[in-house]
Amino acid sequence: MPNGFADRIEMQHALFARLSAMFGAEVPLYDKSLAVNRVSNRAVCDLLGAMYDGFRVSDEQLELTSGERHGAIRIGRPDELGLIARFFACFAMEPHGFYDMTSIGAKSQPIIATAFRTSIGPEHRIFCSLLQTDYFDEATRQRIEACLAKRVVFSERAVALLEKNERQGGLAWDDAEALIAEATTRIFKWTGRASERELYHELCESGFKIAADIACFDSHHLNHLTPNTLCMDLYTASMRHCLGEVDAIEFRTLASRALQRHLTMADEHHMVLHFRHLDSITAGSLHRRTPEPGLIDGLVEDLIGQFAAPEFRLTELPHAGFKDVTEGPPADTPLLLRQDAYKALTERVVFLAADGSETPDTHTARFGEIEQRFYATTTEGRALYDGCLKRVEAARAEDPGMARRDPEAFDAIAREAFAAFPKTLATLVEAGLVYARYMPTSEGLRQAGSIDTADLALLVEKGFVRLEGIRYEDFLPVSAAGIFASNLNQYGTRSTAASKPAYSAALLEGILGRPIRNPDAINTARQSASILDTLGKLGVIDRLEAAERQALVRDVDRSPIGESIHVLAAS
Ligand code: OOG
Ligand code: NI
């Protein structure tokens with residue numbers, strides 16, 4: 001940086017690498033799950049290497065691809081959230097999206113939330129909840145607030161660094177390092193120290209475990225830190241095998257099926273979604289071939305061999321098993337995100353009383369999530385998704401044990417429910433269900449001037465325009481609620497206030513002291529900017545109807561990140 005400041009994105013990578021090391025030292029099962037993910041991702045890469053001529057992923061590239069993380073923190077006081085927003089701004093992470101978890105029916109929780117991330121191509125995110133104390137009856141509200149009022153999570157030094165960043169417009173590396181150290185030694189660190197034991201137990205017993213997790217602890221401890229996997233079904237089978245939930249015979253069936261399905265899903269666009277080092281031109285030129293018979297069997301046997309090593313005997317670590325169902329769409333529908341987790345661990349804590357006495361106890365909150373991300377849906381796509389998911393949820397409610405008892409039958413129900421969705425990028429785009437970016441091909445540029453249509457589908461078909469999916473970078477309240485629920489054995493809460501307050505994005509923006517960016521508006525602007533840019537370069541922009549062109553320009557003008565959308569549309 002010419003001004004001597006650390007690059008904010010590099011700072012972000014450093015922060016998340018350090019948080020991951022901190023979390024790994026705190027939670028041994030997390031570190032092990034990363035190792036399981038590394039092994040199963042390597043098998044996926046070997047499969048793809050056999051499927052695409054010349055496709056190879058080095059260990060280094062795999063490490064980079066596996067570096068992405070999202071964390072979750074739960075904040076108690078509005079002023080704490082203000083500091084958190086200023087903290088993440090140092091790392092180029094701004095609030096995106098508003099999640100009202102107080103109004104998702106039976107799964108509601110007393111929190112509203114946003115996610116801190118970079119607007120375009122983020123690698124890391126923090127899902128950040130804020131407890132809403134007015135969700136509770138007056139007496140409980142006062143007790144929670146009194147408990148929260150006592151703590152100081154940001155040290156004077158940390159606040160001084162935030163001020164310095166704002167004053168200077170950046171931080172030099174030694175200051176950046178100092179801020180990261182504040183994060184890993186204090187702000188997000190698990191201390192195992194709690195207070196107000198009576199309130200804690202009352203909240204837990206009345207079903208408000210989340211509130212207890214927030215109010216009675218003295219830091220914004222990371223609740224989970226989620227890596228990405230290249231194949232969710234392979235990872236879950238692997239973890240369940242290492243946790244002793246499925247034997248080698250069942251693992252063989254599950255892993256073979258997962259890899260077989262991966263083979264059918266992994267077209268060039270799917271490859272670009274999953275590998276950062278792969279651009280769409282390179283992916284488009286990969287030559288596909290039929291892998292030799294027996295390849296998958298060989299990979300699976302190899303996995304069984306690797307997981308037999310003592311380091312993968314996860315049964316020896318404290319754990320509470322793996323979740324029964326993967327949240328999100330079924331494996332054949334490449335939308336939004338799929339998430340799963342090992343369940344929350346029961347950990348030792350110490351309650352400190354006002355008289356200085358200490359009482360040992362346990363707390364169950366931190367869990368081990370994993371995710372796989374796919375295409376971002378348009379509003380129409382999202383509405384269809386929500387409808388499909390409702391049908392799966394209804395089947396789940398009717399027979400809660402089914403997913404574990406008969407995973408294949410459950411999967412068949414989910415596939416059936418999601419049958420309304422096409423399964424490839426081109427068909428999803430054609431149906432208007434997902435966003436895409438367009439760019440002229442070199443052939444298109446060569447022909448520019450003699451092209452006689454501005455119809456994008458036709459231009460793609462003629463090979464003048466290339467299509468790229470936009471990855472979903474956010475969260476799903478219902479999925480998050482599913483995670484809360486199954487981890488905590490606690491299915492949602494009801495407000496105990498005299499009348500349940502209404503919460504809004506504007507309220508949260510006031511607390512954050514900055515606007516919440518709307519991910520849909522960003523994706524719409526990216527798509528529209530790429531269309532204008534592409535048609536311009538192909539010399540056919542004048543063929544667009546005036547109204548259509550104006551609509552595209554309007555989308556771009558509404559971009560929450562302003563002018564930079566133009567630059568980014570082309571990148
Ligand atoms: C946040 C849950 C949300 C996700 O992946 O949906 C989340 C929490 O547990 O505090 O991280
Ligand atoms: Ni999460």
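**Nonpolar cores**

I looked up the largest nonpolar core first, and I found 119 residues in it. The model is predicted. Which residues have the most contacts inside this core? I noted Ile84, Phe87, Phe88 and Phe188. I then looked for the element that gives the most to this core, and helix 2 (residues 28-51) came up, with 12 residues.

Phe188 is itself on the list of residues with the most contacts inside the core.

I also noted another core, lying apart from the largest one. This other core has 47 residues, and Val325, Tyr385, Val392 and Tyr435 are among them.

**The nickel ion**

Which residues coordinate the nickel ion (ligand 2)? I found three names: His70 (NE2), His224 (NE2) and Glu369 (OE). The distances are 2.0 to 2.1 Å. I wrote down the spacing of the donor residues in sequence as H-x153-H-x144-E.

The cut-off I used for buried is under 20%.

**Salt bridges**

I looked up the salt bridges next, and the count comes to 51. I followed a few of them.

Arginine 289 pairs with aspartate 53, and their closest N and O atoms are 2.3 Å apart.

Aspartate 474 pairs with arginine 117, at 2.9 Å between the closest N and O atoms. What does this pair tie together? Aspartate 474 is in the loop between strand 14 (465-469) and helix 21 (477-488), and arginine 117 is in strand 4 (residues 111-117), so the parts joined are 357 residues apart in sequence. Here I found buried ends: aspartate 474 at 2% and arginine 117 at 3% relative accessibility.

Arginine 240 meets glutamate 245 in a salt bridge of 3.2 Å, N to O. Arginine 240 counts as buried at 15%, whereas glutamate 245 is partly exposed at 26%.

I also noted a network. Salt bridges that share partners join Glu68, Glu123, Arg125, Arg276, Arg471 and Glu473.

**Threonine 102**

Where is threonine 102? I found threonine 102 in the loop between strand 3 (94-100) and strand 4. Threonine 102 counts as buried, at 3% relative accessibility. Its side chain makes a polar contact of 2.5 Å with the side chain of aspartate 100.

Last, I listed what threonine 102 touches, not counting residues up to four places away in sequence. The list holds Ser108, Gln109, Pro110, Ile111, Ile112, Tyr135, Lys500 and Tyr503.

Methods:
Residues are numbered from 1 along each chain as its sequence is written. Chains are lettered from A and ligands numbered from 1 in the order in which they are written. This is a predicted model: local features need pLDDT of at least 70, side-chain atom pairs count only at pLDDT 80 or more; totals for chains, interfaces and linings use all residues. Side-chain values use heavy atoms; hydrogens and water are left out. A salt bridge is a side-chain nitrogen of Lys or Arg within 4 Å of a carboxyl oxygen of Asp or Glu. Helices (H or I, at least four residues) and strands (E, at least two) are DSSP runs, numbered from the N terminus. Buried means under 20% relative accessible area, exposed over 50%, partly exposed in between (1.4 Å probe, protein chains only). Donors are N, O and S atoms within 2.8 Å of the metal (3.2 Å for Na, K and Ca); water is not among the atoms, so sites may look incomplete. A polar contact is a pair of N or O atoms within 3.5 Å; within protein, one must be able to donate a hydrogen and the other to accept it, and residues adjacent in sequence count only if both atoms are side-chain atoms. Contact means heavy atoms within 4.5 Å. A nonpolar core is a set of buried Ala, Val, Leu, Ile, Met, Phe, Trp, Tyr and Cys residues joined through side-chain atoms within 4.5 Å.
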